[in-house]
Amino acid sequence: MIVPSSIFLAAAAGVLGGAMNALAGGGTFATLPALIALGLPANIANATSNVALLPGAGVSAWAFRHELEPVAGLSVRVLGALTFNFGLFGSLLLVLTPTKMFDVLIPWLLLFAFAVIVFGKRAADWLHSRVTIGRPTLLAAQALIGLYGGYFGGGVGLITTALYGLLANIRPRELFSIRVTMLATANLAAAFVFIGFAMVWWRACAPMLLGSIVGGWLGAMIGKRLSPGVVRASTVLLTGLTTIVFFVRAYGG
């Protein structure tokens with residue numbers, strides 16, 4: 001039986017994670033540590049976090065639905081189909097990954113997401129001053145986003161923002177709608193697999209799920225008014241601290 005304090009922790013993490021996904025991405029950086037603090041194994045915590053954040057991502061995507069546009073001439077349907085199918089493959093890979101191996105992988109996955117947050121814009125500016133990226137590269141990148149989103153999901157919204165900026169030269173505010181839509185698509189694909197393989201701990205998932213809906217709506221409303229600099233600074237701070245904590249947890253002895 002889950003105690004009231006645990007319900008509150010799960011719900012609060014859901015609100016924060018849902019809001020982060022709506023604003024810039026990275027909601028897993030809020031929900032995953034909370035679930036592990038509740039005693040869940042890392043792979044079960046990741047699967048539970050994924051399912052819990054799905055409704056919040058859906059609410060955010062709905063709030064931004066009128067802003068959906070093709071990316072570099074590629075339709076939302078094409079990008080969504082790639083994300084969904086590769087999200088299925090990624091989530092199946094997680095099912096097959098032993099818990100101890102996933103414990104070792106998590107810090108590096110978080111570090112990758114953190115590096116994308118910090119250096120993504122600079123890399124995009126540097127790349128676009130030198131080369132032009134075609135549609136095949138963007139399609140391949142979208143497939144990898146789906147695979148990563150299904151397997152882990154941590155920072156997938158942030159990675160999507162950075163890659164679209166890198167490959168299609170689109171700025172973050174213009175990406176709110178397509179980013180949360182692709183995030184929800186990857187989460188939906190993974191949810192089918194994680195629920196089917198009984199990897200979701202529903203006693204924590206339910207309050208976190210409700211919290212993510214509230215957070216997703218609040219984040220979408222705030223995102224239309226909040227300064228991009230404030231969003232970026234707070235996201236970098238939280239993701240950086242979370243990455244350090246997971247490295248200490250995995251390698252601190």
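Hi everyone, let me start with a term: a residue is partly exposed when its relative accessible area falls between the cut-offs of under 20% for buried and over 50% for exposed. Phe 112 comes out at 43% relative accessibility, so Phe 112 counts as partly exposed. Please keep in mind that this is a predicted model.

Now, what does Phe 112 pair with? Its partner is Tyr 148: the ring centres are 5.9 Å apart and the planes sit at 65 degrees, so the pair is edge-to-face. This pair links distant parts of the chain, with Phe 112 in helix H5 and Tyr 148 in helix H6 (residues 135–151), 36 residues apart. Tyr 148 is buried, because its relative accessibility is 13%. Both rings belong to one aromatic cluster, together with Phe 102, Tyr 151 and Phe 152.

How many aromatic pairs are there by this rule? The count is nine. Another of them joins Trp 108 and Tyr 251, edge-to-face, at 6.4 Å centre to centre and 70 degrees between the planes. Here the link runs from helix H5 to helix H10 (residues 228–251), and the two residues are 143 apart. Trp 108 has a relative accessible area of 47%, so it is partly exposed, and Tyr 251, at 44%, is partly exposed as well.

Which helix gives the largest share of the patch? That would be helix H5 (residues 99–128), with three residues. Leu 111 lies in this helix and, at 33% relative accessibility, counts as partly exposed.

How values were computed. Residues numbered from 1 in each chain as written. Predicted model: local features only at pLDDT ≥ 70, side-chain atom pairs only at ≥ 80, totals over all residues. Heavy atoms only, no water. Helix = DSSP H or I, 4+ residues; strand = E, 2+ residues; numbered from the N terminus. Buried < 20%, exposed > 50% of the residue type's maximum accessible area, 1.4 Å probe, protein only. Phe/Tyr/Trp six-rings, centres within 6.5 Å; stacked < 30°, edge-to-face > 60°.
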